[in-house]
Amino acid sequence: QVQLVESGGRLVQPGGSLRLSCAASGRTFSNYAMGWFRQAPGKEREFVGSIARSGGTIYAGSVKGRFTIGRDNMKGMVYLQMNSLKPEDTAVYYCAAVDYSDEYYTSPVSSREYDYWGQGTQVTVSS
């Protein structure tokens with residue numbers, strides 16, 4: 001079992017930056033691939049990005065070049081650095097984890113493949 005807790009969401013102006021954090025506890029963090037998803041009001045949850053055990057990352061086209069995912073295995077943390085924020089980035093952001101002990105270089109992009117989820121943190125981009 002893995003417990004995930006997101007933090008860092010708040011109101012930010014368009015063009016601003018924000019860093020979200022996700023703290024993981026319960027199992028060997030380095031065995032897990034991690035993902036970030038978001039859900040805006042009235043919309044389905046969508047993939048933002050993911051990070052493999054190797055540190056390799058995948059991003060959705062809408063955030064590529066603006067968002068960066070990183071992980072610190074020693075601390076059991078994964079981060080989402082968000083720059084050049086836009087109003088359409090407003091959503092609840094979720095951290096997710098899946099045991100990927102047999103896959104070092106890849107990470108899933110589908111929410112269906114993740115087994116553990118945090119409670120979410122609200123990001124609002126507005127002037």
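This briefing covers the disulfide, the salt bridges and a charged surface patch of the structure above. The model is predicted. A search of the whole structure finds three salt bridges, and the count of disulfides comes to one. Salt bridges with shared partners join Arg38, Glu46, Arg66 and Asp89 into one network.

**Disulfide**

- Cys22 and Cys95 are joined by a disulfide, with an S to S distance of 2.1 Å.
- The torsion about the S-S bond of Cys22 and Cys95 is about -75°, so this disulfide is left-handed.
- Because Cys22 lies in strand S3 (residues 18-25) and Cys95 in strand S9, the pair ties together parts that are 73 residues apart in sequence.
- Cys22 is buried, at a relative accessible area of 0%, and Cys95 likewise counts as buried at 0% relative accessibility.

- Arg38 belongs to strand S4 (residues 32-39).
- With a relative accessible area of 6%, Arg38 is under the 20% cut-off and is therefore buried.
- The C-alpha atom of Arg38 is separated by 6.6 Å from that of Val48, a residue 10 positions apart from Arg38 along the chain.
- Arg38 forms a salt bridge with the side chain of Glu46, at 2.5 Å from N to O.
- Glu46 is partly exposed, at 34% relative accessibility, whereas Arg38 counts as buried at 6%.
- Arg38 also meets the side chain of Asp89 in a salt bridge, at 2.9 Å from N to O.
- This second pair links distant parts of the chain, since Arg38 is in strand S4 and Asp89 is in the loop between strand S8 (77-82) and S9, 51 residues apart.
- Both Arg38 and Asp89 are buried.

**Asp89 and Arg66**

- Asp89 forms a salt bridge with Arg66 as well, and the closest N and O atoms of this pair are 2.8 Å apart.
- Here too distant parts of the chain are linked: Asp89 is in the loop between S8 and S9, and Arg66 is in the loop between strand S6 (57-59) and strand S7 (67-72), 23 residues apart.
- Arg66 is buried, as is Asp89.
- Through shared partners, the salt bridges place Arg66 and Asp89 in one network with Arg38 and Glu46.

**Negative surface patch**

- Asp99, Asp102, Glu103 and Asp115 form a negative surface patch.
- One of these residues, Glu103, is found in the loop between strand S9 (91-99) and strand S10 (116-117).
- Glu103 has a relative accessible area of 39% and is partly exposed.

Definitions and conventions:
Residues numbered from 1 in each chain as written. Predicted model: local features only at pLDDT ≥ 70, side-chain atom pairs only at ≥ 80, totals over all residues. Heavy atoms only, no water. Patch = residues over 30% accessible without salt bridge, like charges linked within 9 Å, V, L, I, M, F, W, Y side chains within 5 Å. Areas by Shrake-Rupley, 256 points an atom, 1.4 Å probe, with all protein chains shown as cover. Salt bridge = Lys/Arg side-chain N within 4 Å of Asp/Glu carboxyl O. Lys, Arg positive; Asp, Glu negative; His and termini not counted. Charge placed at Lys NZ, Arg CZ, Asp CG, Glu CD. Helix = DSSP H or I, 4+ residues; strand = E, 2+ residues; numbered from the N terminus. Buried < 20%, exposed > 50% of the residue type's maximum accessible area, 1.4 Å probe, protein only. Disulfide = S-S within 2.5 Å.
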